[in-house]
Amino acid sequence: CFILAIESSCDDTSAAVLHNDKVLSNVVAGQAIHEQYGGVVPELASRAHQQHIVPVVAAALRQANIDKKQLNAIAFTSGPGLLGSLLVGTSFAKSLALGLNLPLIDVNHMQAHILAHFIDEEGYEKPSFPFLAMTISGGHTQIVRVDDYFEMTVIGETIDDAVGEAFDKSAKLLGLPYPGGPFIDKYAALGNPKAFPFTKPNVPKLNFSFSGLKTQIMYFVQRNTEAQSDFVNENLNDICASIQYTIINIILDKLKKAVKETGIKSIAIGGGVSANSGIRKAIKDGEAKWGWKTYIPKFEYTTDNAGMIGIVGYLKYQNLENKNSFVDQGVSAQSRLKI
Ligand code: ATP
Ligand code: FE
């Protein structure tokens, strides 16, 4: 079947066309407008989605070489995310489904980050159940036990900032542009990870906390800049390497604990922060060190994109006898939505 998928939960407008579990097109329009504010401004995001949605959907259909009359269903992100952003994709999907008389499939964005591993890609082995999914992004930090496509349990999550925020807020304190995660990654590769020891928080169970690290870095920068005004510039590589090293250790500690508690050694990562080269390497190294089996998808499918929404649409569509697969026109966006 052919599915058109729409994603608009945060600051990327995206549309994809899938044929079964294969992605034919996956178009993403980002929003540069937020850079000058050092973070996503919800009202501006919503307005930019309104400008992007029509051309992005048209481009996805054109690149897939599919006419909208050939579509079998429309999938869209119903939550979680910014309400004003979600409403643009939701209203657009509903109108299109009404106009074309197609079934509508609502998709949970966080499930989609996990099920992105089931997109058919040449040379990519899909995880088998059960596995642990680690979703690390600008808005989330979760360890999820996945027993089946739609049987997921969150077994650990952040109690304050997400790991992407930890990267971005640290970068901001160092005077780097927004979003700063990729810059920290770049400079970290050139520095000594043990140059400046930062302490790891002590958080119970499989949960995470990153706000303490941010405060530590703030005082660290203040203190050292008072003594030497160009301290940050002089030591940028070492500072970035040390911050990244601390974040990697926080994540690895909890993953090791999750493996021990569940006995599950298959680990699939997703979310924009899984682009981080240090995190990728540390998790991959777990294969040799602790017998893990790790799954790291193509970068395109780890950040916010409609391809991952489409694969969930396909998995729900396949399950036709399950009446919950489709939603009617009464459906609306929900900014808070559990997995
Ligand atoms: P969510 O998916 O939870 O709604 P989001 O849309 O902000 O949140 P993504 O687009 O998945 O999340 O990821 C964006 C985040 O990933 C940003 O915080 C960005 O700094 C971070 N990021 C991207 N590349 C890297 C990298 N190489 N190293 C560290 N962080 C990175
Ligand atoms: Fe996301």
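Residues are numbered from 1 along each chain as its sequence is written, and chains are lettered from A and ligands numbered from 1 in the order in which they are written. Because the model is predicted, local features need pLDDT of at least 70 and side-chain atom pairs count only at pLDDT 80 or more, while totals for chains, interfaces and linings use all residues.

The UniProt record, an unreviewed entry, places the feature "binding site" at His-109, His-113 and Asp-304; such annotations may be inferred rather than shown by experiment. These residues span 196 residues in sequence, yet no two of their C-alpha atoms are more than 8.7 Å apart, so they gather at one spot. His-109 is found in helix H3 (residues 109-115), where helices are DSSP runs of H or I with at least four residues and strands are runs of E with at least two, numbered from the N terminus. With 26 C-beta neighbours inside 10 Å, His-109 counts as buried (20 or more other C-beta atoms within 10 Å of its own, with C-beta atoms placed from the backbone). Asp-304, in the loop between strand S10 (293-295) and helix H9 (306-318), is also buried, with 26 other C-beta atoms within 10 Å. Leaving aside residues up to four places away in sequence, the contacts of His-109 include Ser-9 and Thr-77, and those of Asp-304 include Ser-9 and Cys-10; a contact requires C-beta atoms, placed from the backbone, within 7 Å.

Strand S6 (residues 131-136) has six of its six residues buried. In a regular strand the side chains alternate between the two faces of the sheet. Phe-131, Ala-133 and Thr-135 lie on one side of S6, with Leu-132, Met-134 and Ile-136 on the other. S6 is joined by six bridges to the antiparallel strand S7 (residues 141-148), pairing being assigned if DSSP finds at least two bridges, and the two strands form a hairpin with four residues between them. S6 also pairs with strand S9 (residues 266-270), here in the parallel sense over four bridges, and Met-134 stands opposite Ile-269.

Finally, helices H4 (residues 163-173) and H5 (residues 181-188) pack at an angle of about 75°, with their axes 8 Å apart. That makes H4 roughly perpendicular to H5, a term used for angles of 65 to 115 degrees. Residues in this contact include Phe-167 of H4 and Phe-183 of H5.

Methods. Axes fitted to C-alpha atoms, helices over the stretch in contact; angles between N-to-C directions. Parallel < 35°, antiparallel > 145°, perpendicular 65-115°, else oblique. Contact = placed C-beta atoms within 7 Å. Buried ≥ 20, exposed ≤ 12 C-beta atoms within 10 Å, placed from the backbone.
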